[in-house]
Amino acid sequence: MVQGNWTSVTVFVFLGFSHYPRIEVTIFVLCLLMYLITLLGNTILISITILDSHLHTPMYFFLSNLSFLDIWYTSSALTPMLANFVSGKNTISFSGCASQMYFSLAMGSTECVLLSMMAYDRYVAICNPLRYPIIMNRRVCVQIAGSSWVTGCLTALVETGPVIHLSLCGNSIINHFTCEILALLKMACGDTSMVQLIMLVISILLLPLPMLLICVSYASILSNILRISSVDGRSKAFSTCAAHLTVVVLFYGTALSMYLKPSSVNSQEIDKFMALIYAGLTPMLNPIIYSLRNKEVKMAVKKLLMRNPFSAILTSVLK
């Protein structure tokens, strides 16, 4: 068996979805649609948050951070795959693979922390509305968002560093559509127990713990919703919470099933489709679920559209 290390490899080859030739084109079309919708929805949200002073609130500050994050997250995971499919070259350089692995991990880890902080923000807004402006002031919001980004970037660095120094066995074929860290570990020779331990600790800190905080926050929110006397008000609040929790379950559920499964379980083919959900589907759903369904966001979008000649067509779509 041929053995080398990362730095001696100049090019990696992706297998992608070549094992499924009948649906490979369908997967490409779906990924392209998800990517374009993600770009459009998140760009709109960031733009209106900046341009409309009524949306200069903690909630939309965090949502604009999430939108910016999702654009980078989806771009790092899906853009190379889409480009490779069009060009027919399923390859990536060593530096490109290392960068893609780092940025995907950094964006994913940041989103894990940021989603839990957003749930806490909603908890304070609904359960303690009188003190909300004091607790979630501008300085605190910037600190929360900044700490989410720093945590994500640092944990990704801690995970990526040891992996790129591992020795590789055999060829440089990656059984995935991206430089996913678990797929690269499958190619490693020798003892990977230390790397797996680091990943396990970080995964526990970034997946079940934030998800627990989200569940506790929404449990408190739901208990407050039950006190609403209006049936319509309760129904609307429950609908909003259910939509939020659906996205949370999709994102954390797929990530948990990948990163906290026993190492003896070989599910690389399933992992590819799981990666499409948390790297493609949830970033597409986030702006729709969290923002674009809100009346104030729709009003802000309509105001923005009134400035261009195609406003009549686009406004009618939003009604």
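A disulfide is taken here as a pair of cysteine sulfur atoms within 2.5 Å. A search of the whole structure by that criterion returns 1 disulfide, between Cys97 and Cys179, with an S to S distance of 2.0 Å. The torsion about the S-S bond of Cys97 and Cys179 is about -125 degrees, so the disulfide is left-handed. Cys97 sits in helix 3 (residues 94-127) and Cys179 in the loop between strand 5 (173-174) and helix 6 (181-185); the two are 82 residues apart, and the pair links distant parts of the chain. Helices (H or I, at least four residues) and strands (E, at least two) are DSSP runs numbered from the N terminus.

This is a predicted model, in which local features need pLDDT of at least 70 and side-chain atom pairs count only at pLDDT 80 or more, while totals for chains, interfaces and linings use all residues. Residues are numbered from 1 along each chain as its sequence is written, and side-chain values use heavy atoms, with hydrogens and water left out.

The pLDDT is the predictor's confidence in each residue, from 0 to 100. The protein chain averages 84, and 90% of the residues score at least 70. Confidence is highest in helix 5 (residues 138-163), at a mean of 94, and lowest in helix 12 (residues 311-318), at 47. Over residues 309-314 pLDDT stays under 50, and the model has 3 contacts for them beyond four places in sequence; contact means heavy atoms within 4.5 Å. Where pLDDT is low, the predicted coordinates should not be read in detail.

Buried means under 20% relative accessible area, exposed over 50%, and partly exposed in between (1.4 Å probe, protein chains only). Cys31, at 1%, and Cys112, at 5%, are buried as well.

Helix 3, which carries Cys97, has 24 of its 34 residues buried. The expected span of a helix is 1.5 Å times one less than its number of residues; for helix 3 this gives 50 Å, and its end C-alpha atoms are 50 Å apart, which agrees.

A nonpolar core is a set of buried Ala, Val, Leu, Ile, Met, Phe, Trp, Tyr and Cys residues joined through side-chain atoms within 4.5 Å. In the largest such core, of 87 residues, Ile174, Tyr252 and Tyr259 touch the most other members. Helix 3 gives the most to this core, with 14 residues. Beyond four places in sequence, the contacts of Ile174 include both Cys97 and Cys179, together with Phe12, Phe14 and Met187.

UniProt, in an unreviewed entry, lists "transmembrane region" for residues 25-48, 60-82, 102-120, 197-222, 242-261 and 273-292. Its positions are given in the numbering used here, feature names are shortened, and annotations may be inferred rather than shown by experiment. In the model, residues 60-82 are 100% helix and 0% strand, with end C-alpha atoms 31 Å apart. Residues 242-261 are 90% helix and 0% strand, with end C-alpha atoms 27 Å apart.

Phe61, in helix 2 (residues 58-87), is partly exposed at 25% and contacts Cys141, Val142 and Ala145, its neighbours within four places in sequence left aside. Thr254, in helix 9 (residues 231-259), is buried at 7%. Not counting residues up to four places away in sequence, Thr254 touches Val249, Met274, Ile277 and Tyr278.
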